[in-house]
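I opened my notebook to look through this model one element at a time. Here is what I looked up, in the order I came to it.

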Amino acid sequence: MEAASPRLPQRVQILSESGLANLPPSYIQPPSLRPQPSSHVAPSAPSIPTVDLSSPDPIPHVRRACSDWGAFHVINHGVPATLLQEMRSIGFKFFGSPMEEKARYACDLTVGPAAQGYGSRMLAKDDTVLDWRDYFDHHTLPEERRDPTKWPDFIPNYREVVTQYSKEMLHLANRLLSIISQSLTLPPSYLEDAVGDVYQNITVSFYPSCPRPDLALGLQAHSDMGAITLLIQDDVGGLEVLKDDKWVLVQPLTGAIVVILADMTEVITNGAYKSAVHRALVNANRARLSVATFYDPSKTRNIYPAPELISAENPAKYREVIYGDFVKSWYGQGPEGKRNIDALLIQ
């Protein structure tokens, strides 16, 4: 059998060879990591909190959501509902396109992990269990990183929608970081200033229907690397957040955006707010799509606990880290929950 083209996502290569009858071994999670019905809260249980940004004072609600969960929905956030739908729509159109069209935009992993473009494998380790996911990663900020010629041209308005979505997500992220800063009695611009120059990636993830959703995961359990992640999902659902050692299904909420605190916010807040461990399930009958916007520091940025949050009674809990070194560790070792940020803890 000839080797599959390196330009095709690995999940597509394997399934085109093996068919859908059996799950390829490279996608089978270890028993302890498989989604088990008994391991997560029943669907009727409360989902993550919802914060209404149009309320007179959202700060106490954000404080509680960050302290208790590290993830929450926001509604009345100011991002047009039509733009959210357009972003989902162009994602579905891309992943539903013929392979020869999609392959024109395949990412080149020889340039490093999280390369811009279409793919299915981000981690460098060859022995990593693969996620049941295809993705398209867009480098959107700073503007000098942005190259729309690397984004699909065969879907009407694709590039314009992504560009507008990037602007709206940046505005919302800065607004949320201001509220989060104030919830800790820090100046409104504190977290934004601590992050510095924003590196924004927009990743559209497509989770095809899976023949054995009990054995696979769309995305393995992890916490995000940067400062904050803004995510929209469709009505299929599948995002789960770890709460008190139980997996809680994030029920889709029409028009809402999911806010997920990431590792650098945990460091800057000296652990007052923890990054949220989350994962994505897959579905036997329906494909699922989500769009995650990552708000990260530059690779050269030094990240450390806010001095205002350190005292004799509450000493620094995390070592200072250059963000690029942290990213290299994350991609080199793989996520596995929060083991990468735990390595920064001062013993």
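**Entry 1: Ser166.** I began with a single residue and listed its contacts (heavy atoms within 4.5 Å): leaving aside neighbours within four places in sequence, Ser166 touches Thr140, Leu141, Arg146, Gln200 and Ile202. Ser166 sits in helix 5. Its relative accessibility is 1%, so I noted Ser166 as buried (under 20% relative accessible area; exposed is over 50%, partly exposed in between, with a 1.4 Å probe and protein chains only).

**Entry 2: ground rules.** I am working with a predicted model, where local features need pLDDT of at least 70 and side-chain atom pairs count only at pLDDT 80 or more, while totals for chains, interfaces and linings use all residues. Residues are numbered from 1 along each chain as its sequence is written, and side-chain values use heavy atoms, with hydrogens and water left out.

**Entry 3: the whole protein.** I found 9 helices and 14 strands; these are DSSP runs numbered from the N terminus, helices being H or I of at least four residues and strands E of at least two. Of the 347 residues, 54% count as buried. Among contacts between residues at least 6 apart in sequence, 75% join residues at least 24 apart.

Entry 4: In what order do the strands of the open sheet run? I read 1-2-10-7-12-5-4-3 for its 8 strands, with mixed pairing (two strands pair if DSSP finds at least two bridges between them). Strand 1 (50-52) and strand 3 (117-119) are the edge strands, each pairing on one side only. Direction ignored, neighbouring strands are turned by 25 degrees against each other on average.

I then followed strand 1 into strand 2 (residues 71-75): the two pair in the parallel sense over 3 bridges. Thr50 stands opposite His73, and Asp52 has Ile75 as its bridge partner. Strand 2 is largely enclosed by the rest of the structure, because 4 of its 5 residues are buried.

**Entry 5: helices on the sheet.** Helix 2 (residues 59-68) packs on the sheet and touches strand 1, strand 2 and strand 10 (257-261). The direction of helix 2 makes about 150 degrees with that of strand 2; axes here are lines fitted to C-alpha atoms, for helices over the stretch in contact, and angles run from 0 to 180 degrees between N-to-C directions. Helix 3 lies across several strands, among them strand 4 (134-141) and strand 7 (228-233), and runs at about 55 degrees to strand 5 (199-207).

**Entry 6: helix 3 against helix 5.** At what angle do these two cross? The axes of helix 3 (residues 81-95) and helix 5 (residues 158-183) come within 10 Å and cross at roughly 135 degrees. Helix 3 contributes Leu83, Leu84, Glu86, Met87, Ile90 and Phe94 to the contact, and helix 5 contributes Tyr158, Val161, Val162, Gln164, Tyr165 and Glu168.

**Entry 7: backbone in the loops.** Pro142 lies in the loop between strand 4 and helix 5, and the peptide bond from Leu141 to Pro142 is cis, with omega near -5 degrees. Asn157 belongs to the loop between strand 4 and helix 5; it is not a glycine, yet its phi is positive at about 65 degrees. Asn157 is exposed, with a relative accessible area of 52%. Asn76, in the loop between strand 2 and helix 3, has a positive phi near 50 degrees. At 46% relative accessibility, I marked Asn76 as partly exposed.
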